[in-house]
Amino acid sequence: MSDDYLVRIGKLIRDARQHRGWTQTQLAEALGTSQSAVNRIERGNQNISLEMIARIGEALDSEIVSLGYAGPMHLRVVGRRRLSGSIDVKTSKNACVALLCGSLLNKGRTVLRRVARIEEVFRLLEVLNSIGVRTRWINDGVDLEIVPPADLDMDGMDAEAARRTRSIIMFLGPLLHRMDHFRLPYAGGCDLGTRTIEPHMIALRRFGLDITATEGIYHAEVTRTAPDRPIVLTERGDTVTENALLAAARHDGVTVIRNASSNYMVQDLCFFLEALGVRVDGVGTTTLTVHGVPNIDVDVDYSPSEDPVEAMSLVAAAVVTESELTIRRVPIEFLEIELAVLEEMGLDHDRSAEYAADNGRTRLIDLTVRPSKLEAPIDKIHPMPFPGLNIDNVPFFAAIAAVAQGQTLIHDWVYDNRAIYLTDLNRLGGRLQLLDPHRVLVEGPTRWRAAEMMCPPALRPAVVVLLAMMAAEGTSVLRNVYVINRGYEDLAERLNSVGAQIEIFRDI
């Protein structure tokens with residue numbers, strides 16, 4: 001291996017380690033080597049085998065090199081290009097993964113329309129295929145067909161794929177109806193600090209699911225029982241609500257779920273359950289009443305709705321690049337608060353009349369954003385459960401606030417690390433001051449400048465960095481964008497279609 005490659009690989013390893021928040025000593029302990037050896041590797045002063053590169057990538061949960069395939073994907077971004085024209089919002093990432101898990105309830109054929117072709121979906125498909133579920137892309141790769149086996153092969157589960165997605169946790173609800181005991185790998189996904197699954201356990205225990213955790217595996221034992229009173233969720237979370245819905249769907253009786261999330265992906269799952277024959281009362285509220293069906297064997301065809309977080313990403317892209325852009329198929333019900341805040345900041349925009357999504361239930365609009373002179377909001381930006389400002393939309397306000405006049409306080413009280421990742425914008429000319437792990441103060445306006453940097457290990461902050469690069473003078477490089485591909489389909493190509501200049505490349 002040449003000295004040049006050793007230096008380049010060493011830099012990738014160093015950046016991945018720093019973004020994970022590890023010291024050289026911590027990485028050395030994970031690898032069973034010395035801190036001095038890690039130091040030599042990062043400086044490019046030590047030969048390194050492909051096996052060691054793979055071990056480092058696994059330890060850091062970073063796709064440094066993909067053995068047997070091309071290397072990790074990077075983006076080269078030429079900034080200061082105005083966007084124009086129109087762009088469609090894709091279907092919801094979070095709804096699609098919930099519906100894939102929900103397909104395990106059905107003994108019949110499930111067809112999901114316009115499924116997002118993203119890494120998170122691909123990982124779940126790998127898991128489903130490994131346990132015997134037949135899946136195939138149909139209609140020129142636009143739609144997805146899912147046919148379950150009579151019996152699932154849980155021993156054959158692709159554990160590596162399962163560990164790379166937090167969505168695997170939503171297998172618990174449907175699986176407790178199919179078998180008396182099973183195992184699941186620990187949930188993975190974005191690095192957003194410690195996230196307990198205890199709210200899931202509290203809810204699912206009422207259906208007779210008992211979980212013990214040992215050596216990276218959840219061991220599940222099921223003694224089916226009927227909830228004797230309403231289930232009160234201790235956290236109004238999206239995935240915990242979905243897990244409770246999935247468990248209640250095949251419970252032969254009526255289940256009341258209180259303090260439920262009413263967010264977009266939960267509503268899409270409720271609509272899908274209704275297509276399976278499960279009646280759900282209270283959709284869009286915090287109390288859901290589920291009339292379960294013990295046996296579900298139907299051929300179902302369902303269209304998940306569009307993704308409000310992707311819509312917010314595209315709004316932010318237009319704002320930071322000072323562009324006029326029309327974003328089509330925006331699920332307005334789930335962006336009303338965000339747009340209200342942007343209106344107060346001075347956003348110039350137009351909205352079309354509302355029309356129905358393909359699921360017949362979600363309300364869509366076309367939204368045209370124009371270059372605007374923005375002022376910092378008087379109040380802080382902070383998330384709240386729906387119908388408040390969406391948790392996943394908070395990071396985009398960091399980029400928007402950076403181009404507004406004045407100071408904006410952003411308080412992300414939900415995740416431990418995400419506010420920290422937003423300070424990566426400082427490398428691109430931003431002025432963000434981290435007040436504590438949950439609060440960041442943004443000073444605007446910003447004169448963005450180009451930089452080369454590693455992609456943050458969390459989806460939304462990674463996209464925020466990309467948007468800032470699009471606004472920066474010069475050419476930037478964003479390395480190892482797997483995390484963006486987890487949640488966005490062909491994002492670079494789609495942004496290029498409206499005027500961006502983003503090149504995909506690999507260097508190893």
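The place of Arg80 is in the loop that joins β1 (74-78) to β2 (86-88); strands here are DSSP E runs of at least two residues and helices are H or I runs of at least four, numbered from the N terminus. The model is predicted, so local features need pLDDT of at least 70 and side-chain atom pairs count only at pLDDT 80 or more, while totals for chains, interfaces and linings use all residues. Residues are numbered from 1 along each chain as its sequence is written, and side-chain values use heavy atoms, with hydrogens and water left out.

**Backbone features in loops**

Phi of Arg80 is near 60°, a positive value in a residue other than glycine. Arg80 counts as partly exposed because its relative accessibility is 45%; on this scale buried means under 20% relative accessible area, exposed means over 50%, and partly exposed lies in between, with a 1.4 Å probe and protein chains only. Asp490 is a residue other than glycine that also has a positive phi, near 50°. The loop between α17 (482-487) and α18 (491-496) holds Asp490, which is partly exposed with a relative accessible area of 42%.

Two cis peptide bonds end at proline residues. The bond from Phe386 to Pro387 has omega near 15°, and Pro387 is found in the loop between β17 (363-370) and α14 (394-402). The bond from Gly444 to Pro445 has omega near 0°, and the loop between β20 (439-444) and β21 (452-454) contains Pro445.

**Strands and sheet**

An open sheet of three strands runs in the order β6-β8-β7, with antiparallel pairing; two strands pair if DSSP finds at least two bridges between them. β6 (181-185) and β7 (209-214) stand at the edges with a single partner strand each, so one side of each has no neighbour in the sheet. From one strand to the next, the twist averages 25°, where axes are lines fitted to C-alpha atoms, for helices over the stretch in contact, and angles run from 0 to 180 degrees between N-to-C directions. β6 pairs with β8 (residues 217-222) in the antiparallel sense over five bridges. Within β8, Ala220 is the bridge partner of Phe182.

Elsewhere, strand β9 (residues 231-232) and β10 pair in the parallel sense over two bridges, and Val232 stands opposite Arg258 in β10. Strand β10 (residues 254-258) has a covered face made of Thr255 and Ile257, and an uncovered one made of Val254, Val256 and Arg258. Ile327 lies in strand β14 (residues 325-331) and counts as buried because its relative accessibility is 0%. Between Ile327 and Val465 there are 138 residues of sequence separation and 20 Å of space, C-alpha to C-alpha.

| Helix | Length | Span, first to last C-alpha | Expected span |
|---|---|---|---|
| α10 (residues 238-249) | 12 residues | 16 Å | 16 Å |
| α11 (residues 264-275) | 12 residues | 17 Å | 16 Å |

Because 10 of its 12 residues are buried, α10 is largely enclosed by the rest of the structure. The buried residues of α10 include Val240, Glu242, Asn243 and Leu246. α11 is mostly covered, with 10 of its 12 residues buried; among them are Tyr264, Gln267, Asp268 and Phe271. Just after α11, Gly277 takes a positive phi of about 100°.

**Cavities**

Three cavities of 30 Å³ or more are counted. A cavity is a set of points, on a 1 Å grid over the protein atoms alone, where a 1.4 Å probe fits but cannot get out, and lining residues have an atom within 4 Å of a point. The largest cavity holds about 50 Å³ of space, a volume being the space filled by probe spheres set on grid points joined across faces, edges and corners.

Its lining consists of Ser92, Tyr264, Gln267, Asp268, Phe271, Ser305, Glu306, Pro331, Phe334, Asn359 and Thr362. Helix α11 gives the most to this lining, with four residues. The lining of the largest cavity divides into four nonpolar, five polar and two charged residues, where Ala, Val, Leu, Ile, Met, Phe, Trp, Tyr, Cys and Pro count as nonpolar, Asp, Glu, Lys and Arg as charged, and the others, Gly among them, as polar.

Conventions:
1 Å grid on protein atoms, 1.4 Å probe; cavity = no way out; pocket = protein on both sides within 12 Å on 5 of 7 lines; lining within 4 Å. Expected span 1.5 Å × (residues − 1).
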